[in-house]
2 protein chains.
Amino acid sequence: MTAALLACDWGTTNLRAWTLDARGGVVADRDFPGLGVAKLKPGEAEARFRDEVRPALSAERLPAMLCGMVGSNLGWTLAPYADAPADLDDLAARLKAVDGPDWIRIVPGVRWAGFNGQGDVMRGEETQLFGWLAAEPERGRGRRLVCHPGTHAKWMLVEDGRLTRFVTAMTGELFAVLKTHSVLKSEVAADDMAAFDAGVAAAGAGDALAARLFTARARVVGEGRPAEETPSYLSGLLIGAEVAATPALLGCTGDEPVSLLGDAKLCGLYARALAARGIEADVHDGEAAAVAGLFALYERVRP
Amino acid sequence: MTAALLACDWGTTNLRAWTLDARGGVVADRDFPGLGVAKLKPGEAEARFRDEVRPALSAERLPAMLCGMVGSNLGWTLAPYADAPADLDDLAARLKAVDGPDWIRIVPGVRWAGFNGQGDVMRGEETQLFGWLAAEPERGRGRRLVCHPGTHAKWMLVEDGRLTRFVTAMTGELFAVLKTHSVLKSEVAADDMAAFDAGVAAAGAGDALAARLFTARARVVGEGRPAEETPSYLSGLLIGAEVAATPALLGCTGDEPVSLLGDAKLCGLYARALAARGIEADVHDGEAAAVAGLFALYERVRP
């Protein structure tokens with residue numbers, strides 16, 4: 001089947017592009033890690049898209065639907081946030097049309113007033129969320145707690161198909177800066193599930209994180225545990241603290257099941273940390289959800 | 001009065017040395033920031049002490065009492081930890097004598113089994129704590145919660161003059177790595193007390209830190225607050241989370257008064273964050289306490 005749409009998840013560190021057929025099936029895909037918006041100069045996104053991304057995916061000038069940080073002031077052009085509560089139709093109504101002869105739309109991010117009155121924001125995860133919801137009608141009913149792990153993990157509360165509340169946890173970034181720049185840094189990073197589980201246990205109720213973090217150091221200098229265990233222990237501690245305390249910020253009880261959406265390996269670690277607390281989790285592929293979300297938006301507004 | 005003791009607080013990043021008279025009064029003092037143990041090669045401490053530190057402080061080869069990371073395996077020679085509960089006499093009984101013709105003693109650190117069964121350790125803060133306790137007999141009675149803020153803040157529970165429990169919070173290090181290496185980095189760092197107070201308020205009960213940290217980003221990108229406020233907000237958030245949740249790890253109720261021991265400016269920030277929670281705090285000079293502790297140990301074992 002011929003290609004109908006060029007779909008892009010264009011984030012801070014990577015651009016992932018797909019050509020989709022008229023039913024939303026993937027015809028081709030490609031990553032452009034050099035085109036993450038953090039690596040672009042102001043005004044550069046348009047030219048790189050026209051000269052590199054589009055020709056690499058299709059000989060035609062397909063309609064294009066883009067989500068992610070490309071819609072921020074660091075990206076191509078600003079796509080103003082939709083306010084939560086929001087659903088797929090709200091996003092479709094606020095798509096940002098790019099100036100010029102080509103049909104190119106950018107998905108707005110979503111803003112929520114926040115758990116303590118301070119606004120929180122997302123760009124890209126909303127497209128995955130609504131793509132995941134659109135894939136099965138059952139998902140759009142009732143109340144669902146969805147977590148998208150990553151550098152800036154998103155915890156999203158969905159009620160009857162609308163994203164009503166969400167909060168961002170900087171867990172992935174904390175892990176990255178601590179394992180690279182702090183006293184907890186380690187040259188070696190083995191996947192040590194026993195150390196991960198010990199970290200999850202040390203996270204307690206997700207309180208007093210700065211003190212619990214020091215246990216990662218103390219177990220090496222005070223107890224002679226191998227430093228090679230530290231990255232896995234640190235990962236367990238940070239993820240354990242996140243899953244223990246973050247749902248309460250959305251008004252959840254902390255024992256509700258969680259749907260995990262994103263990278264399979266990372267979602268697996270979250271599922272393990274949740275299981276240690278007796279919480280059920282189901283894991284879903286973030287990339288398939290992004291494709292489904294971009295295509296669902298296209299179907300609503302197609303030229 | 002002639003000098004009687006060369007006293008050194010020899011830590012990771014700095015060596016501070018004093019000559020003290022026979023009553024413990026300071027005759028002279030000097031910093032050697034180039035001699036922090038993190039900057040020394042293995043085996044280098046002894047030569048640098050003999051060739052640089054001692055000649056700079058006194059023409060005589062005075063008896064010397066050293067505390068801090070100099071007693072770790074990164075320092076001069078290993079001074080094995082005393083186990084908590086411990087008091088000044090326990091430290092005096094475990095002073096490490098350095099090999100050679102000179103009278104040089106290194107104060108042991110203290111180890112505690114830890115709030116969740118994982119050992120915690122300190123080197124240097126115990127000398128300040130016991131110096132502070134020794135300065136007024138009243139401080140050695142009853143129960144006291146003492147906090148020594150810093151890169152690795154120590155929360156110490158003292159019962160009838162004995163250090164019974166303590167826990168380390170990596171708050172200062174979290175602040176340093178986040179303001180330098182994370183999305184929360186900022187070129188400018190004004191002392192903005194309103195932003196500090198907002199950060200303290202955003203710390204809540206000291207739970208879900210990774211999520212609360214993202215409010216420092218969201219208030220800039222979502223609400224248009226100036227990025228120059230971020231360091232002060234981040235400082236308030238981290239210190240607020242620490243003072244809210246750490247005392248409970250020692251079995252304290254969270255509304256007990258806190259004695260702050262250390263750098264005056266940093267102690268002031270902690271006192272402000274505690275006051276926002278309705279907790280009384282009194283502030284004491286860490287340097288005077290270190291001098292008093294080193295001298296009190298010397299008096300117990302002097303040659």
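In chain B, three strands form an open sheet in the order β5-β8-β9, with mixed pairing. Strands pair here if DSSP finds at least two bridges between them. Strands (E, at least two residues) and helices (H or I, at least four) are DSSP runs, numbered from the N terminus. The model is predicted: local features need pLDDT of at least 70, side-chain atom pairs count only at pLDDT 80 or more, and totals for chains, interfaces and linings use all residues. Residues are numbered from 1 along each chain as its sequence is written, while chains are lettered from A and ligands numbered from 1 in the order in which they are written.

β5(B) and β8 (residues 110–112) of chain B run parallel, joined by two bridges. Asp83(B) stands opposite Arg111(B) in β8(B).

Now the helices. The axes of α6(B) and α7(B) come within 10 Å and cross at roughly 160 degrees. Axes are lines fitted to C-alpha atoms, for helices over the stretch in contact, and angles run from 0 to 180 degrees between N-to-C directions. The crossing makes α6(B) roughly antiparallel to α7(B), a label for angles over 145 degrees. Residues of α6(B), including Leu209(B), Leu213(B) and Val220(B), meet residues of α7(B), among them Tyr233(B), Leu237(B) and Ala241(B). Contact means that C-beta atoms, placed from the backbone, lie within 7 Å. The residues of this helix contact divide into eight nonpolar, one polar and one charged. Ala, Val, Leu, Ile, Met, Phe, Trp, Tyr, Cys and Pro count as nonpolar; Asp, Glu, Lys and Arg as charged; the others, Gly among them, as polar.

Next, the partner chain. In all, 43 residues of chain B are in contact with 43 residues of chain A. The largest share of chain B's side, nine residues, comes from α6(B). That side holds 22 nonpolar, 14 polar and seven charged residues.

How are the two chains related? A rotation of 180 degrees with 0.0 Å of shift along its axis superposes chain B on chain A (RMSD 0.0 Å). The two copies are thus related as by a two-fold rotation axis. The superposition is by least squares on C-alpha atoms of residues with pLDDT of at least 70 in both copies. Within chain B, Asp207(B) comes closest to the axis, at 2.0 Å (C-alpha). Since 100% of the interface residues of chain B are also interface residues in chain A, the copies meet through the same surface.

Notes
Two residues are in contact if their C-beta atoms, placed from the backbone, lie within 7 Å. Angles under 35 degrees count as roughly parallel, over 145 as roughly antiparallel, 65 to 115 as roughly perpendicular and the rest as oblique.
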